Amino acid sequence: MNSAIATKTQYLQLQNPLRVIFQLQQNRYFSDKFPEYQMPSVTWGVVQGKKEKLVNRVKICDYLKGLGIITDELECLEMPSTIEVIEERVMFLQKLGLTIDDFNEYPLMLGCSMRKNMIPVLGYLEKIGISKPKLGEFVKNYPQVLHASVVVELMPVIKFLRGLDVEKEDIGYVLIKYPELLGFKLEGTMSTSVAYLISIGVNPRDIGPMVTQYPYLLGMRVGTMIKPFVEYLVSLGLPKKIVARMLEKRTYLLGYDLEETVKPNVDCLMSFGIKKEIIASIVAQYPQIIGLPLKAKMASQQYFFNLKLKVDPEGFARVVEKMPQVVILDQRVIKKPVDFLLARAISADDVAKMIVKCPQLISVPVGLMKNSYYFFKSEMGRPLKEIVEFPEYFTYSLESRIKPRYQRLQSKGIRCSLNWFLNCSDQRFEERLQGDYIESETVGPTFSMGGKLELPGGEIVSDEEDDESDDEVLYRRTVSL
């Protein structure tokens with residue numbers, strides 16, 4: 001029969017004319033919609049005998065081996081009819097940027113039909129936001145995508161992501177970051193991880209931004225990864241609502257290994273003298289601390305504080321409790337404000353006490369410190385002892401708080417401590433100015449493990465705060481996300 005048929009297309013027309021019409025329409029669709037992809041010639045319809053198939057398989061394998069491609073995994077795979085087809089596939093993938101090493105990493109990609117797999121899949125990926133220059137890298141990272149059905153497998157995943165409020169323009173970014181998403185089943189891990197996060201208090205409207213920031217959460221099993229992580233943080237004294245807020249802002253925290261990183265870091269903090277009841281406050285203020293190579297950083301900073309700043313290990317522990325970010329601060333940055341204070345004739349012991357009392361002091365730019373100090377000496381004319389007793393002075397804005405409040409005091413002829421007129425809200429400051437006496441000074445808010453934020457004297461700072469839940473007050477006033 002082969003000798004009686006002039007061409008492959010004629011043979012197809014005799015056997016199934018409708019099939020040829022369908023293929024021609026599909027060619028025209030992809031040529032119009034994705035003109036950068038040239039559809040290959042129809043070769044899969046050639047009828048071959050067993051002997052001819054075997055000969056062609058040997059030729060194809062020899063060709064691939066000649067390119068340096070290992071063909072072991074292709075032995076049981078149905079191969080193309082002719083060597084020309086496999087050449088087209090190799091050249092097509094190489095134009096995308098794939099190399100022989102990439103083929104050897106996943107040789108099964110060579111079994112994908114250009115017409116049925118590669119061109120429809122790549123066209124769809126480009127349509128949803130993965131630019132053409134990045135398609136090659138995408139296929140390198142997740143070559144299994146070439147086997148996928150656009151309608152049955154890819155489109156439902158994209159629809160699911162859009163349903164989570166992932167912005168349309170972010171879809172490509174999310175998939176480039178975590179291409180394996182395209183292979184997940186909707187009713188599996190993706191759905192359960194989202195449902196669990198919402199159950200602990202994550203706002204459903206924040207799920208989309210969370211997925212955009214850290215799409216790997218959709219591949220995490222609730223029972224073995226997410227839930228144990230959340231429950232451990234709760235066991236430290238963090239309310240679930242606070243954990244939810246932390247994850248909304250820093251979803252990548254879920255990627256910290258609980259047994260290998262998080263628990264050892266908590267143990268490390270306590271080994272350096274951090275009080276157990278303060279751990280929750282530290283994690284709330286600086287969540288990243290549970291994922292750092294903490295032991296080395298703590299040891300280095302403790303040595304530096306002891307040697308250069310005259311702060312002993314116990315004082316260093318208090319500094320970390322109040323400002324955990326200190327574990328990653330550059331030591332040269334820390335030294336600058338310290339040198340400034342020493343140059344103002346403040347003793348090294350007093351500087352050490354100031355740092356322990358107000359660790360934020362070591363992160364204030366020296367330029368701002370100079371301006372505040374100049375105003376303190378020239379305008380206020382106060383003794384240096386007051387700054388030593390209230391180092392927080394340097395952490396307030398000179399223009400928006402120190403100057404205007406001091407001028408109000410001067411106009412009323414009120415003489416008071418730095419703490420009294422600076423360490424309060426604008427509303428409280430006005431109330432103090434209207435009062436007939438200077439009330440006693442109080443310390444700031446404290447963190448109670450697993451409980452609410454307590455203010456000394458049971459004071460209510462504002463009517464708005466009175467309407468908030470205990471957990472929300474704790475988060476807003478203690479956590480700096």
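On one side of helix α19, Asp349 and Lys353 are exposed. Keep in mind as you look at them that this is a predicted model. Which residues of α19 are buried? In this helix, which runs over residues 348-357, they are Val351, Ala352, Met354 and Ile355. Those four cover an arc of only 160 degrees around the axis, so they sit on the same side of α19. And what do they pack against? Their partners are α16 (294-308), α17 (313-322), α18 (331-343) and α21 (384-389).

Is Arg318 buried or exposed? With a relative accessibility of 18%, Arg318 counts as buried, because the cut-off for buried is under 20%. Setting aside residues up to four places away in sequence, Arg318 touches Gly273, Ile274, Lys275 and Val356.

Helix α17 turns up again when we move to α14, along with α16: both are among the elements that cover the buried residues of α14, and so are α12 (222-235) and α15 (279-285). The buried residues themselves are Leu258, Val262, Asn265, Val266, Cys268 and Leu269. Helix α14 has 14 residues (258-271), and at 1.5 Å a residue they should span 20 Å; the C-alpha atoms at its ends are 18 Å apart, which agrees.

Apart from neighbours within four places in sequence, Tyr256 is in contact with Phe229, Val262, Pro287, Gln288, Ile290 and Gly291. Take Phe229 from that list: Tyr256 and Phe229 are 27 residues apart in sequence, with their C-alpha atoms 8.7 Å apart in space.

Next, the aromatic rings. How many aromatic pairs does a search of the whole structure find? It finds 11. One of them joins Tyr178 and Phe184: the ring centres are 5.8 Å apart and the planes are at 70 degrees, so this pair is edge-to-face. Tyr178 is buried, at a relative accessible area of 12%, while Phe184 counts as partly exposed at 26% relative accessibility. Tyr252 and Tyr256 also form an edge-to-face pair, with 6.3 Å from centre to centre and 70 degrees between the planes. Here Tyr252 counts as partly exposed, at 28% relative accessibility.

Arg344 lies over the face of Tyr373, 5.6 Å from the ring centre. Likewise, Arg405 lies over the face of Phe429, at 4.8 Å from the ring centre.

Finally, let's look inside. In soluble globular proteins, nonpolar side chains tend to be buried together. In this model, the largest nonpolar core has 140 residues, and Phe305 and Tyr393 are the ones with the most contacts inside it. Which helix gives this core its largest share? That is α6 (residues 114-127), with 7 residues. As for Tyr393, if you leave aside its neighbours within four places in sequence, you'll see it in contact with Ser372, Phe375, Phe376, Met380, Ile387, Ile402, Leu418 and Leu422.

Note on methods
Residues numbered from 1 in each chain as written. Predicted model: local features only at pLDDT ≥ 70, side-chain atom pairs only at ≥ 80, totals over all residues. Heavy atoms only, no water. Buried < 20%, exposed > 50% of the residue type's maximum accessible area, 1.4 Å probe, protein only. Helix = DSSP H or I, 4+ residues; strand = E, 2+ residues; numbered from the N terminus. Arc of directions from axis to C-beta. Contact = heavy atoms within 4.5 Å. Core = buried A, V, L, I, M, F, W, Y, C linked by side-chain atoms within 4.5 Å. Phe/Tyr/Trp six-rings, centres within 6.5 Å; stacked < 30°, edge-to-face > 60°. Lys NZ or Arg CZ within 6 Å of the ring centre and 35° of its normal. Expected span 1.5 Å × (residues − 1).
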